[in-house]
Amino acid sequence: MSEVIDRFNAAFQTHDASELADVVAEDCVLENVDGATYSGPGQALGFWSALAADHGTTWTVEDVTGDGERATIRWRARSADGTVTRGVNLMWLRDGRIAEATGYVKIS
């Protein structure tokens with residue numbers, strides 16, 4: 001679990017979306033922080049790849065917990081205009097890849 005989640009987080013911190021292809025399952029189901037669901041083949045990977053490649057956002061991992069097939073990631077994002085968003089992703093792994101994820105954000 002740790003290596004998969006570490007590589008997922010690194011893709012956002014380094015803006016290297018190519019890292020995501022090896023850790024996100026083709027059929028991954030993602031419920032994004034805005035409630036949108038990405039569930040078709042490659043949809044979650046496509047969404048996350050675009051987000052990770054955005055050099056205007058800086059991602060900071062605040063905490064990662066989990067064991068086995070589950071992980072919780074607390075993160076902070078700073079956009080180009082200085083807006084800071086804090087959030088949490090709940091991740092479920094299957095066969096060494098992220099199979100399901102749900103994201104939440106803190107509203108100030």
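Colleague: Helices (H or I, at least four residues) and strands (E, at least two) are DSSP runs, numbered from the N terminus, so what does the secondary structure of this protein come to?

Modeller: Two helices and six strands. This is a predicted model, in which local features need pLDDT of at least 70 and side-chain atom pairs count only at pLDDT 80 or more, while totals for chains, interfaces and linings use all residues. Residues are numbered from 1 along each chain as its sequence is written, and side-chain values use heavy atoms, leaving out hydrogens and water.

Colleague: How much of the protein counts as buried?

Modeller: Of the 108 residues, 32% are buried. Buried is under 20% relative accessible area, exposed is over 50%, and partly exposed is in between (1.4 Å probe, protein chains only). The accessible surface of the protein is about 5900 Å², and carbon and sulfur atoms hold 49% of that. Areas are from the Shrake-Rupley method with a 1.4 Å probe; for residues, only the protein chains shown count as cover.

Colleague: What share of the contacts with a separation of 6 or more is between residues 24 or more positions apart?

Modeller: That share is 42%, where a contact means heavy atoms within 4.5 Å.

Colleague: Let's switch to charges. How many salt bridges does the structure hold?

Modeller: Six, each being a side-chain nitrogen of Lys or Arg within 4 Å of a carboxyl oxygen of Asp or Glu.

Colleague: Which residue does Arg7 pair with?

Modeller: One partner is Glu19, with the closest N and O atoms 3.4 Å apart. Arg7 lies in helix α1 (residues 2–14) and Glu19 in the loop between α1 and β1, so the bridge ties together parts that are twelve residues apart in sequence. Arg7 also meets Asp22 in a salt bridge, at 3.3 Å from N to O. Asp22 is in the loop between α1 and β1 too, so this pair ties together parts 15 residues apart in sequence.

Colleague: Is Arg7 buried or partly exposed?

Modeller: Partly exposed, at 24% relative accessibility. Glu19 is partly exposed at 27%, and Asp22 is partly exposed at 45%.

Colleague: What about Glu62, which side chain does it meet in a salt bridge?

Modeller: Arg86, at 2.8 Å from N to O. The pair links distant parts of the chain, with Glu62 in strand β3 and Arg86 in strand β5 (residues 84–94), 24 residues apart. Glu62 has a relative accessible area of 26% and Arg86 one of 29%; both residues are partly exposed. Salt bridges that share partners join Glu62, Arg74, Arg76 and Arg86 into one network.

Colleague: Nice. Where does Glu69 sit?

Modeller: Glu69 is in the loop between β3 (58–67) and β4 (70–78), and is partly exposed at 44% relative accessibility.

Colleague: Which residues is Glu69 in contact with, leaving aside neighbours within four places in sequence?

Modeller: Met91, Trp92, Leu93, Arg94 and Asp95. The Glu69 side chain also reaches the backbone nitrogen of Arg94 at 3.5 Å.

Colleague: And Ser49, buried or exposed?

Modeller: Buried, with a relative accessible area of 18%. Ser49 is in helix α2 (residues 43–53) and touches Ala17 and Leu20, not counting residues up to four places away in sequence.

Colleague: Last one: which residues form a nonpolar patch on the surface?

Modeller: Val33, Val105 and Ile107, with about 250 Å² of accessible area together. Patches are made of residues with over 30% relative accessible area and no salt bridge, joining like charges within 9 Å and nonpolar side chains (Val, Leu, Ile, Met, Phe, Trp, Tyr) within 5 Å. Val33 is in the loop between β1 (24–31) and β2 (37–38), and is partly exposed at 35% relative accessible area.

Note on methods: Polar contact = N/O pair within 3.5 Å; in protein donor to acceptor, adjacent residues only side chain to side chain.
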